[in-house]
Amino acid sequence: MPTINATFETRREAELAIEHLVQEHGIDRDDVQFGTEGDQNSAGTEASGADNETELEAGTEDEAALNGRIALTVTIDSEEAAESVQEVLEEYGGDDVTIEG
C-alpha cells in the first residue's frame, strides 16, 4: 500500500487538500493522517483563514500557535492512485511530497 507524505505551511491548505481528496477522489478520511510536523501544537508556519488578524480585532494571546508545518500522510490501496494524490497535495500547497511503498 503506497503512502504519500506532504507538509503544508498552513492548516487551511492541508484541510483543503484533504477535502478535495475525500470528495473528488474517493479517498477514505480514515486513510488520511493529519497533524504537526514536530511535537508542538501548531496551526502551521503562516496565519491563514480564521487565524488572520482582522480590522475588527487586534489579536489576543489565544491566537493559534505558529510552531511549525502541518504534516499529512495519505495511505491508499493502489499504486495507480498515488500520482493523482501527489498532484492534489502539490496543487493545494503541499511541499516535500514523497511516495513510499
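**View 1. Glu90 in helix α2.** Glu90 is part of helix α2, which spans residues 82–91; helices are DSSP runs of H or I of at least four residues, strands are runs of E of at least two, and both are numbered from the N terminus. The model is predicted: local features need pLDDT of at least 70 and side-chain atom pairs pLDDT 80 or more, while totals for chains, interfaces and linings use all residues. Residues are numbered from 1 along each chain as its sequence is written, and side-chain values use heavy atoms, without hydrogens and water. With a relative accessible area of 41%, Glu90 is partly exposed (buried is under 20%, exposed over 50%, partly exposed in between; 1.4 Å probe, protein chains only). Together with Glu83, Glu87 and Glu91, Glu90 forms a patch of negative charge on the surface (residues with over 30% relative accessible area and no salt bridge, like charges joined within 9 Å; a salt bridge is a side-chain nitrogen of Lys or Arg within 4 Å of a carboxyl oxygen of Asp or Glu).

**View 2. Thr10 between β1 and α1.** Thr10 sits in the loop that links β1 (3–8) to α1 (11–25). Thr10 counts as buried because its relative accessibility is 5%. A polar atom of the Thr10 side chain lies 3.1 Å from the backbone nitrogen of Glu13.

**View 3. Asp96 in strand β4.** Asp96 belongs to strand β4, residues 95–100. Its phi is near 50 degrees, a positive value in a residue other than glycine. Most residues other than glycine have a negative phi. Asp96 is exposed, at 58% relative accessible area.

**View 4. The protein chain.** Two helices and four strands make up the pattern β-α-β-β-α-β along the sequence. Of its 101 residues, 30% count as buried.

Methods: A polar contact is a pair of N or O atoms within 3.5 Å; within protein, one must be able to donate a hydrogen and the other to accept it, and residues adjacent in sequence count only if both atoms are side-chain atoms. Patches are made of residues with over 30% relative accessible area and no salt bridge: like charges are joined within 9 Å, nonpolar side chains (Val, Leu, Ile, Met, Phe, Trp, Tyr) within 5 Å. Accessible areas come from the Shrake-Rupley method with a 1.4 Å probe; for residues, only the protein chains shown count as cover. Lys and Arg count as positive and Asp and Glu as negative; His and the chain ends are not counted. The place of a charge is taken as NZ of Lys, CZ of Arg, CG of Asp or CD of Glu.
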